[in-house]
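Please walk me through the packing in this protein model.

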Amino acid sequence: MSIQLIATTTFGLEAVVKRECQALGFENIKTYDGKVEFTGTEADIVKANLWLRCAGRVWVKMGTFTAVTFTELFDQTKALPWADWIPEDGKFTVVGKSVKSTLFSVSDCQAIVKKAVVEKLKQTYKTDWFDETGASYTIQVGILKDVVTLAIDTSGSGLHMRGYRANALDAPLKETLASAMIQLSYWRKDRILLDPFCGSGTIPIEAAMIARNIAPGIHRKFASEEWKRIGKDLWKQARMEAYQAIDYDAMPQIYGSDIDPAAIELAKANAEKAGVDDCITFTVCPCQEITLPGKYGVMITNPPYGERLGELKEVENMYRALGGIMKEDTTWSTYLITSMEYFESLFGRKADRKRKLFNGRIKTDYYQFEGPRPPRK
């Protein structure tokens with residue numbers, strides 16, 4: 001029996017996650033705002049969690065229906081087959097969100113859903129008491145314009161938590177967004193990549209993991225690893241296959257630099273933890289002093305935005321300097337994310353393409369300046 005699955009995404013990344021789902025062989029893929037739905041098996045839950053680079057979480061979709069009263073919410077929630085997933089000893093919590101809906105009190109909706117699920121499990125397991133000593137399950141009740149979607153989280157912590165980050169600096173770029181920026185660029189593993197504002201190394205590390213075909217979830221644990229319905233064997237098998245799929249021979253040319261020595265130390269530690277320290281060169285260097293290491297390279301970066309008080313002039317000068325450096329070698333392509341609306345005038349060139357993306361809660365544009373493709377070898 002096929003399972004309905006949902007991969008949530010940051011707004012603007014739906015098409016990227018859809019492409020990833022297609023590449024993984026998932027079926028019946030449909031995109032909506034902030035999510036990509038597809039059908040799969042228990043093995044696909046494991047595969048999606050291990051391999052999706054740009055999704056937020058993977059959910060099992062239990063059902064969707066319209067509800068404008070608490071009675072409707074209760075009855076339709078209770079009608080769903082919760083025991084298919086939650087065993088008698090399972091412990092579960094309910095999280096929620098409601099947007100533009102009659103049932104606007106999230107805490108009340110959570111309580112109603114919790115009660116309905118408990119009643120259904122009591123009925124199925126013919127008991128009035130649950131030990132709750134088994135695996136954990138997080139149910140989400142999401143209501144949008146009176147349409148309720150109920151789903152169980154298979155991931156646990158968000159998929160951006162790859163497990164290689166020793167600790168993050170201020171305002172880090174999420175690994176999922178960094179990976180999407182790379183996948184939306186012309187960069188391929190045989191081209192040079194440079195990030196002159198690399199911070200704790202997220203963009204260079206994500207690129208190196210893509211180049212080596214390292215599954216983004218290989219170093220971490222997932223909520224559904226403890227679920228009886230999936231079983232430990234599927235996880236063991238998928239992890240073994242992921243390790244076998246790593247291309248240790250790939251030696252991409254990846255460079256990361258930053259003005260902050262502490263950031264560079266952290267980036268080196270993170271790269272080592274991710275198993276890609278041997279293919280990234282990290283240096284301490286202000287962006288105004290970078291030199292482009294070769295021809296036909298690709299710069300992908302998340303510079304400061306000048307959002308903090310007193311930073312604006314400094315950031316404007318940085319963007320001007322960067323524009324000057326990139327003018328010196330027209331074989332390079334530049335991909336840069338910022339919330340500064342007049343960035344192009346400082347950089348000195350109009351972007352070939354622009355894409356609206358959210359970095360956390362900050363609305364940004366992803367500017368794409370495409371250089372020529374390298375000559376065929």
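What covers the buried residues of H8 includes helix H6 (202-211), strand E9 (254-258) and strand E10 (280-284). This is a predicted model: local features need pLDDT of at least 70, side-chain atom pairs count only at pLDDT 80 or more, and totals for chains, interfaces and linings use all residues. Residues are numbered from 1 along each chain as its sequence is written, and side-chain values use heavy atoms, with hydrogens and water left out.

A few terms first. Helices (H or I, at least four residues) and strands (E, at least two) are DSSP runs, numbered from the N terminus. Buried means under 20% relative accessible area, exposed means over 50%, and partly exposed is in between (1.4 Å probe, protein chains only). Contact means heavy atoms within 4.5 Å.

**Helix H8**

H8 spans residues 261-274. Its 14 residues should span 20 Å at 1.5 Å a residue, and the end C-alpha atoms are 20 Å apart, which agrees. The expected span is 1.5 Å times one less than the number of residues.

Which residues of H8 are buried? They are Ala263, Ile264, Leu266, Ala267, Asn270, Ala271 and Ala274. These residues cover an arc of only 160° around the axis, which puts them on the same side of H8. The arc is that of the directions from the helix axis to the C-beta atoms. On the other side of H8, Glu265 and Glu272 are exposed.

Now look at the ends. Asp260 caps the N-terminal end of H8. A side-chain oxygen of Asp260 lies 3.0 Å from the backbone nitrogen of Ala262. After H8 comes Gly275, with a positive phi near 80°.

**Helix H6**

H6 has 9 of its 10 residues buried, so it is largely enclosed by the rest of the structure. Among the buried residues are Ile203, Pro204, Ile205 and Met209. Glu206 is also on that list. The buried residues of H6 pack against helix H5 (175-183), strand E8 (193-195), E9, H8, E10 and strand E11 (298-301). Asn213 follows H6, and its phi is positive, near 60°.

Most residues other than glycine have a negative phi. Glu132 has a phi near 55°, a positive value in a residue other than glycine. Glu132 is found in the loop between helix H4 (106-125) and strand E6 (136-144). Its relative accessible area is 38%, so Glu132 is partly exposed. Tyr296 is not a glycine either, yet has a positive phi of about 55°. Tyr296 lies in the loop between E10 and E11. It is partly exposed, with a relative accessible area of 24%.

**Aromatic rings**

The structure holds 10 aromatic pairs. Rings of Phe, Tyr and Trp (its six-membered ring) pair if their centres lie within 6.5 Å; planes under 30 degrees apart count as stacked, over 60 as edge-to-face and the rest as tilted. Here are two of the pairs.

| Pair | Type | Centre to centre | Angle between planes |
|---|---|---|---|
| Tyr319 and Phe343 | edge-to-face | 5.0 Å | 85° |
| Phe343 and Tyr367 | tilted | 4.9 Å | 45° |

Where do Tyr319 and Phe343 sit? Tyr319 is in helix H9 (residues 312-327) and Phe343 is in helix H10 (residues 343-347), 24 residues apart. The pair of Phe343 and Tyr367 also links distant parts of the chain. Tyr367 is in strand E14 (residues 362-369), 24 residues from Phe343. Tyr319 is buried, with a relative accessible area of 0%. Phe343 is buried with 0% too. Both Phe343 and Tyr367 are buried. Tyr319, Phe343, Phe347, Tyr367 and Phe369 form one aromatic cluster.

Thr334 is in strand E12 (residues 333-338). At 2% relative accessibility, Thr334 counts as buried.

**The annotated span**

The end C-alpha atoms of residues 57-154 lie 8 Å apart, and the span is 30% helix and 35% strand.

Methods. Polar contact = N/O pair within 3.5 Å; in protein donor to acceptor, adjacent residues only side chain to side chain.
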